[in-house]
Amino acid sequence: MNQVPAPWTELSVLQNLMAHLRHMWLGRGVFRMAVGPDWMRLHMAGEERPGLVLSSRPGSNFVFAVRGTWPEPVRQALPLLKGSLPGSLLTGATLTAMGVLPNDRILALKLKTTDGPTLYLLHQLFGARGNTTLLDHRAQILWSRHQSVHDLLKAIPPKETWSSGTPIKPPGWADGLFDQMLTIFQDRLGHDLFNAHHRAISRSAETTSRLVENLSRDLENANRGDEYRRTAEALAANLHTLKRGQDSAEIFDLQDGSPMTVQLNPAISPAGNMEYWFRTARKAENGRQIISGNLDRSEKLLQSQQSALAQLDLVGDLTDNLEKLAALHLWAEERADLLPDARTARKQRTKTAEEPARLFRRYLIDGKWEAWVGRNNKENDLLTHQASHTQDLWFHAQGVSGSHVILRTSGHPELVPKSVLEKAAGLAALHSKARHSSLVPVIYTQRRYVRKPRKAPVGTAVCLQEKNLFTEPGIAPGVNPI
């Protein structure tokens, strides 16, 4: 990847460039302004369509001048912030002064707006991540790119910032340096776009690969449904010979009379062991067709993801910046079904830091029953042992780590319909390490029967009484996040 030219790091070079731009642009109006997440372009008045680009992209944190419109591949790679505050305030303003803080690499622009007030646009050119602020004449911050603002970006620049001067280099010198910076900027765009796409598909492929492994294992178990049922039926026929506390039993297969050894759970009754094997058989028999279809779809998806990554690697080997950007856009269009939804990603990125974080994930089931889900061990601990009522219902996927789920019952757990229990169990299965299985055993009980052992790690819980449900992981119809 290209690197910023060494002379650009010198304050004297930046000051000389600003003198060159003052000579060309003072008195011109801003007829339009485009703002993105980490860049900004001021379109200045003039037939040559000049523009000043303020970049805060890591690896290209600088300022440079351009002429004309962006090449189409570059324009597509630069997301816009619609209705941004700087653009609405500065469009039509006149550039009256520009310069660099006397002892710091901060670009300062003074602009006279159409209705009179003077505004100051300050752009930080040091640090791993630059920042840009817009101040009014009282040094109030009207807008900033990032919430963490350096002190130098909070004050109106001193008079010596705007000192006049003539370039000590010939005009062509600045144009040559700006061309280098445009090349670096475009190279960084391609690098960042490639990495974003590669990271998104790689993560999806890893998830799909784990899903294929889990479904393959589930299908193997599902194909043993007949074997499990024969075991259950043999136990039923010999139930009178079994005693609680046995960890195995030597019995005979009812179909061919052959001897078989059956593993038992010594903690439960013989009838409970028999019911376990019948449940296992039903799960296998009912889930075989569903698992087979899910496995087929997942294997095809994984093949598509792996093919997309191979094609993306070929695009990444291109050396021409504009050719690479164009190829990346074409690749993204053809593989749009494999990429995360851009609107969802943007919504997640723009969640404000000031918004207070609410404890637990929350769902409303059938418009009446509220379910709370812990997002980590700390929240699991708080939810189960502090935030819930003793008569709320507690859910957890059996035998695997996962979230604690509390179903609020208003003190009447006996009134909760079975369909609501199943939907709450589906949430517990979804937020567990068994989320990729077709059917998951989930235990549930009233919260008063859940204890935390002394000196146990955060998030640990022991269930004294429990019931079982088998459910598909997921958000069932009638379950809505709140």
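**Notes on the predicted model**

1. Strand 8 (residues 132–135) and strand 9 run antiparallel and are joined by three bridges. Two strands count as paired if DSSP finds at least two bridges between them. Strands, like helices, are DSSP runs numbered from the N terminus (E, at least two residues, for strands; H or I, at least four, for helices).

2. A word on the ground rules. This is a predicted model, where local features need pLDDT of at least 70 and side-chain atom pairs count only at pLDDT 80 or more, while totals for chains, interfaces and linings use all residues. Residues are numbered from 1 along each chain as its sequence is written, and side-chain values use heavy atoms, with hydrogens and water left out.

3. For reference, angles run from 0 to 180 degrees between N-to-C directions, and axes are lines fitted to C-alpha atoms, for helices over the stretch in contact.

4. Ala139 is partly exposed, with a relative accessible area of 25%. The cut-offs are these: buried means under 20% relative accessible area, exposed over 50%, and partly exposed in between (1.4 Å probe, protein chains only).

5. Lys455 lies in the loop between strand 17 (450–451) and strand 18 (462–463), and is exposed at a relative accessible area of 84%.

6. Helix 1 (residues 11–25) also meets helix 4 (residues 171–222): their axes come within 10 Å and cross at roughly 115°. The two helices are therefore roughly perpendicular to each other; the scheme takes 65 to 115 degrees as roughly perpendicular, under 35 as roughly parallel, over 145 as roughly antiparallel and the rest as oblique. Their crossing is left-handed, a term used if the near helix is turned anticlockwise from the far one by less than a right angle, with right-handed used if clockwise.

7. Which residues of helix 1 and helix 4 make the contact? Helix 1 supplies Val13, Asn16, Leu17, His20 and Leu21, and helix 4 supplies Pro171, Trp173, Ala174, Asp175, Leu177 and Phe178. Contact means heavy atoms within 4.5 Å. By class, the residues divide into eight nonpolar, two polar and one charged. Here Ala, Val, Leu, Ile, Met, Phe, Trp, Tyr, Cys and Pro count as nonpolar, Asp, Glu, Lys and Arg as charged, and the others, Gly among them, as polar.

8. Helix 6 and helix 7 (residues 321–334) pack at an angle of about 165°, with their axes 9 Å apart. That makes helix 6 roughly antiparallel to helix 7, and their crossing is right-handed. The contact is built from Ala308, Gln311, Leu312, Val315 and Gly316 of helix 6 together with Lys324, Ala327, Leu328 and Trp331 of helix 7. Those residues comprise six nonpolar, two polar and one charged.

9. Elsewhere in helix 6 (residues 270–316) sits Gln305. Is Gln305 buried or exposed? Gln305 is buried, with a relative accessible area of 3%. Leaving aside neighbours within four places in sequence, Gln305 is in contact with Ile201, Ser204, Ala205, Thr208 and Leu338.

10. Thr231, in helix 5 (residues 225–237), is another buried residue, at 9% relative accessibility. Not counting residues up to four places away in sequence, Thr231 touches Met260, Val262 and Trp277.

11. Finally, strand 16 (residues 440–446) is mostly covered, with seven of its seven residues buried. Strand 16 pairs with strand 14 (residues 393–397) in the antiparallel sense over five bridges, and Leu393 has Gln446 as its bridge partner. Five bridges also join strand 16 to strand 19 (residues 467–471), and these two run antiparallel; there, Ile443 stands opposite Asn468.
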